[in-house]
There are 2 protein chains.
Amino acid sequence: MATSLLSRQLVLSLQQNLRLTAPGCRYVSKAAAKTQVEFEYDGPSMKTEVPGPRSKELTKQLGEIQNVGAINFFCNYEESRGNYLVDVDGNRMLDVYTQISSIPIAHTDLLYSYCAFVNRPALGIMPPENFPEKLAESLLSVAPSGMSRVQTMACGSCSNENAYKAMFIWYRNKERGHNNPSDEDMSSCMINQSPGCPDFSILSFMGGFHGRTMGCLATTHSKAIHKLDVPSFDWPIAPFPKLKYPLEEFTRENAQEEARCLEEVEDLIVQWRQKGRPVAGIVIEPIQAEGGDNHATPDFFKKLRNIARKHGSAFHVDEVQTGGGATGKFWAHEHWGMDDPADIVSFSKKMLTGGYYHKDELQADKAYRIFNTWMGDPENLLEEVTRSGKTLLQGLYQLQDQYPNLLSSARGQGTFCAIDIRDDATRNSILLKARDKGVLLGGCGDRSIRFRPALVFKEYHVHMFLNVFSDVLAEHN
Amino acid sequence: MATSLLSRQLVLSLQQNLRLTAPGCRYVSKAAAKTQVEFEYDGPSMKTEVPGPRSKELTKQLGEIQNVGAINFFCNYEESRGNYLVDVDGNRMLDVYTQISSIPIAHTDLLYSYCAFVNRPALGIMPPENFPEKLAESLLSVAPSGMSRVQTMACGSCSNENAYKAMFIWYRNKERGHNNPSDEDMSSCMINQSPGCPDFSILSFMGGFHGRTMGCLATTHSKAIHKLDVPSFDWPIAPFPKLKYPLEEFTRENAQEEARCLEEVEDLIVQWRQKGRPVAGIVIEPIQAEGGDNHATPDFFKKLRNIARKHGSAFHVDEVQTGGGATGKFWAHEHWGMDDPADIVSFSKKMLTGGYYHKDELQADKAYRIFNTWMGDPENLLEEVTRSGKTLLQGLYQLQDQYPNLLSSARGQGTFCAIDIRDDATRNSILLKARDKGVLLGGCGDRSIRFRPALVFKEYHVHMFLNVFSDVLAEHN
């Protein structure tokens with residue numbers, strides 16, 4: 001089967017890549033294949049409200065030590081399988097959210113992700129013998145078009161932070177015309193001053209989310225609570241197109257909206273250059289996820305990429321949430337159909353390790369074939385994602401027609417789908433009611449629900465979800 | 001034995017803490033105790049120069065994919081044991097550096113650290129059942145004096161980034177007099193502007209190293225190459241005392257130097273407040289590690305802590321390198337002998353997970369007993385570190401007397417020792433020659449060698465090292 005094949009190959013390859021060939025890890029990988037074949041539950045099963053009494057008790061205990069504001073409930077990961085998450089009160093829920101899309105294939109994989117982080121000094125300074133080979137077999141075999149180099153990192157924020165640094169360094173060397181910093185560069189950077197620490201900027205988009213460390217945070221604009229009280233950089237922020245869905249029905253209005261945003265991008269680049277803070281790079285998500293599952297057309301991204309090229313700014317596509325197959329292609333930016341879609345592509349989460357791909361300006365572009373040796377028979381898996389996604393989106397369209405006062409703007413690529421709810425309060429009530437019926441959903445933006453199932457989410461899981469969702473909506477109409 | 005007891009308890013406790021109770025991990029922990037008892041090598045054994053032909057070949061391969069400038073050689077981690085690192089060419093080296101102190105107890109532990117990182121969304125939103133209990137048993141049982149709360153993080157940079165954010169938020173709420181942001185706060189922060197993103201600063205020290213993400217990097221001042229071409233914040237940077245060693249012999253001069261630095265700290269705090277960029281926090285390492293193993297006296301730190309309190313700035317002690325036992329105390333700041341040494345203490349590396357402890361201003365201070373339930377019989381282990389460290393430092397003093405033109409400023413706490421070499425070129429030559437003889441050392445600062453052995457580095461390892469080091473020095477005199 002494609003799924004278990006993919007899962008096994010992915011895990012084996014990454015484990016070997018990361019030197020997890022210790023007995024324990026071989027064991028885990030064997031358990032994986034077995035679990036996925038044998039242990040899928042029949043459906044949700046609810047014993048208590050959620051959070052149940054045990055979760056509440058544990059939240060109270062943890063509250064003595066840490067802030068527990070973000071905690072939903074406590075999990076029993078050992079009992080969680082495939083598309084189902086089991087909590088400490090014995091509730092089994094169909095998981096259409098997978099902890100913001102951080103579980104690559106299925107719940108059993110969560111165990112692997114504990115093992116997948118890497119000791120950075122070891123890899124950077126004294127890597128294990130099979131590191132180059134495994135890197136080539138795994139990460140490079142799915143490299144985005146036009147990219148032949150990959151830099152691995154421990155987490156999503158670090159991936160973006162380091163991608164930004166790479167763009168700054170590239171831009172400065174371009175400005176210098178050579179790679180040799182002056183003595184003044186070297187001494188001024190030690191005290192945070194220019195020219196050593198130049199006044200460069202990264203252009204980002206309102207509604208974007210790129211992480212919470214201070215560099216990333218300066219480009220994150222999804223929720224105030226992420227940014228409040230933290231000093232930031234004076235960097236330009238462009239509007240992201242506010243499109244009408246379904247995109248096919250509003251092509252003219254949407255094209256106007258996209259043109260408006262692109263014009264603003266160019267204006268900002270010129271303004272910031274005049275301010276003495278030139279835009280070294282542009283960072284964007286192929287689908288703004290945290291910000292509300294906001295889509296734009298391939299035409300928008302093509303033109304944006306051209307604007308970056310025209311003004312000499314690097315173009316950074318953040319695929320931390322969208323990469324890994326959920327959109328029906330391995331990288332969401334493949335939907336744009338470009339040979340040279342980006343200068344930098346960052347990833348994390350589903351890839352089990354973080355990092356970024358980048359072009360090597362000094363090397364001739366070499367196009368790596370996507371899905372070459374890594375993935376066994378992945379076309380089947382992505383076909384399945386495409387099929388489940390289509391069923392899901394059609395179901396959402398139907399419900400939207402049925403409840404026009406409640407639902408709007410159903411949208412998606414693959415199973416990476418979302419829909420808007422009348423208002424924030426109704427959205428949150430729907431999330432809770434669905435959970436009480438054993439379906440785990442997540443919100444994004446002001447009033448959206450986002451769907452982030454595992455890659456093994458099949459059509460019958462879609463129908464199971466749609467039935468529950470339909471019941472919940474009836475209660476809110 | 002204390003060492004294997006500590007190791008087993010630490011690993012078991014952290015594994016359970018991090019939900020690594022899968023079969024694989026139990027297996028690893030059993031292997032640990034066995035390995036440490038049975039598999040310590042007799043001494044170094046060199047087959048080729050380092051890097052040998054296999055390492056060179058692999059470096060070439062990896063160079064096609066990544067920047068390999070930092071790579072020393074490729075390792076065979078399966079054959080590495082206790083204090084010995086084995087490379088892919090079969091060279092076995094006594095490791096007095098442990099990859100910048102990132103291996104907690106011994107080389108066998110490196111395997112664990114692969115497993116010790118955690119899936120953050122899972123822990124923050126849906127933690128496993130035993131999380132509160134294990135957190136209390138492990139990390140909280142070694143909490144610094146006066147601290148009852150701990151926030152776990154995936155890596156050292158993230159730990160410091162988030163500690164800075166915590167200080168900014170704390171400072172801003174203090175300034176407001178309450179925790180309720182205004183509408184203007186909420187809207188201005190979305191576009192990176194004050195008052196939502198206030199112009200606060202963190203005071204750091206020249207020579208300090210706190211990480212490489214952009215917030216951390218603004219407080220890092222050890223090497224230009226870390227900072228070059230990356231935009232930064234206009235934050236104050238104070239001089240770190242340049243003391244003469246041994247400290248006991250230069251008390252008067254050193255006290256003057258420390259007084260000068262403290263005066264500068266106060267001046268900077270006042271200046272930056274007048275500039276409209278008040279100092280929300282002060283960050284410092286108990287021993288500046290990356291910057292050259294620069295020590296200061298307990299008196300300096302006590303006075304600095306008082307200055308922070310006087311001016312209302314948070315006091316952040318970065319123990320990412322110094323925490324975990326190498327100085328002969330679990331936290332290096334315990335050498336200061338204070339009840340209330342800090343507001344925030346960050347950690348990583350040896351603790352197997354990253355994060356920071358912090359005071360809870362809203363709770364009555366509760367003093368957790370250090371080394372309570374976590375560590376079995378840790379006093380013996382720390383006694384051993386103290387004993388090995390003393391032997392090491394005495395040996396360095398003797399060599400310094402013997403080679404006054406070559407060596408100076410031997411210094412250390414526990415086995416966390418360093419010595420200065422005549423110049424950079426000689427230092428680097430000594431590092432290479434020692435490696436050729438099977439002893440792995442590391443540099444720091446302009447011309448220092450730093451010693452960062454594992455906690456199982458015993459007196460006979462010290463003598464083995466001193467013999468080789470003595471031979472190498474004779475070649476350079």
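Which residue forms a salt bridge with B:Asp234? The partner is B:Arg277, and the closest N and O atoms of the two are 3.6 Å apart. The pair links distant parts of the chain, 43 residues apart. B:Asp234 sits in the loop between helix H11 (224–227) and strand E5 (237–238) of chain B. B:Arg277 sits in the loop between helix H12 (251–274) and strand E6 (279–284) of chain B. A salt bridge is a side-chain nitrogen of Lys or Arg within 4 Å of a carboxyl oxygen of Asp or Glu. Helices (H or I, at least four residues) and strands (E, at least two) are DSSP runs, numbered from the N terminus. B:Asp234 is partly exposed, at 22% relative accessible area. B:Arg277 is also partly exposed, at 25%. Buried means under 20% relative accessible area, exposed over 50%, and partly exposed in between (1.4 Å probe, protein chains only).

The model is predicted: local features need pLDDT of at least 70, side-chain atom pairs count only at pLDDT 80 or more, and totals for chains, interfaces and linings use all residues. Residues are numbered from 1 along each chain as its sequence is written, chains are lettered from A and ligands numbered from 1 in the order in which they are written, and side-chain values use heavy atoms, with hydrogens and water left out.

Over all chains, the structure holds 54 salt bridges. Side chains of opposite charge can pair when their charged atoms come close. One such bridge joins A:Asp185 and A:Arg176, at 3.1 Å from N to O. Both of these residues are buried. A:Asp185 and A:Arg176 also belong to a network of salt bridges. A:Arg172, A:Glu175 and B:Asp229 are linked in that network too.

In chain B, B:Glu475 forms a salt bridge with B:Lys433, the closest N and O atoms being 4.0 Å apart. This pair again links distant parts of the chain, 42 residues apart. B:Glu475 belongs to helix H16 (residues 459–476), and B:Lys433 to helix H15 (residues 424–436). Both ends are partly exposed: B:Glu475 has a relative accessible area of 43%, and B:Lys433 has 33%.

The two helices of this pair also pack together. Two packed helices are described by the angle between their axes and the distance between the axes. For H15(B) and H16(B), the angle is about 135° and the axes are 10 Å apart. Axes are lines fitted to C-alpha atoms, for helices over the stretch in contact, and angles run from 0 to 180 degrees between N-to-C directions. The helices are therefore oblique to each other. Angles under 35 degrees count as roughly parallel, over 145 as roughly antiparallel, 65 to 115 as roughly perpendicular and the rest as oblique. On the H15(B) side, the contact (heavy atoms within 4.5 Å) includes B:Thr426, B:Ile430 and B:Lys433.

A cis peptide bond joins A:Val50 and A:Pro51, with omega about -5°. A:Pro51 is in the loop between helix H2 (23–38) and helix H3 (53–63) of chain A. The bond from A:Ser194 to A:Pro195 is cis as well, with omega near 5°. A:Asp229 is not a glycine, but has a positive phi of about 75°. A:Asp229 is buried, at 2% relative accessible area. B:Ser409, in strand E10 (residues 407–413) of chain B, has a positive phi of about 55°.
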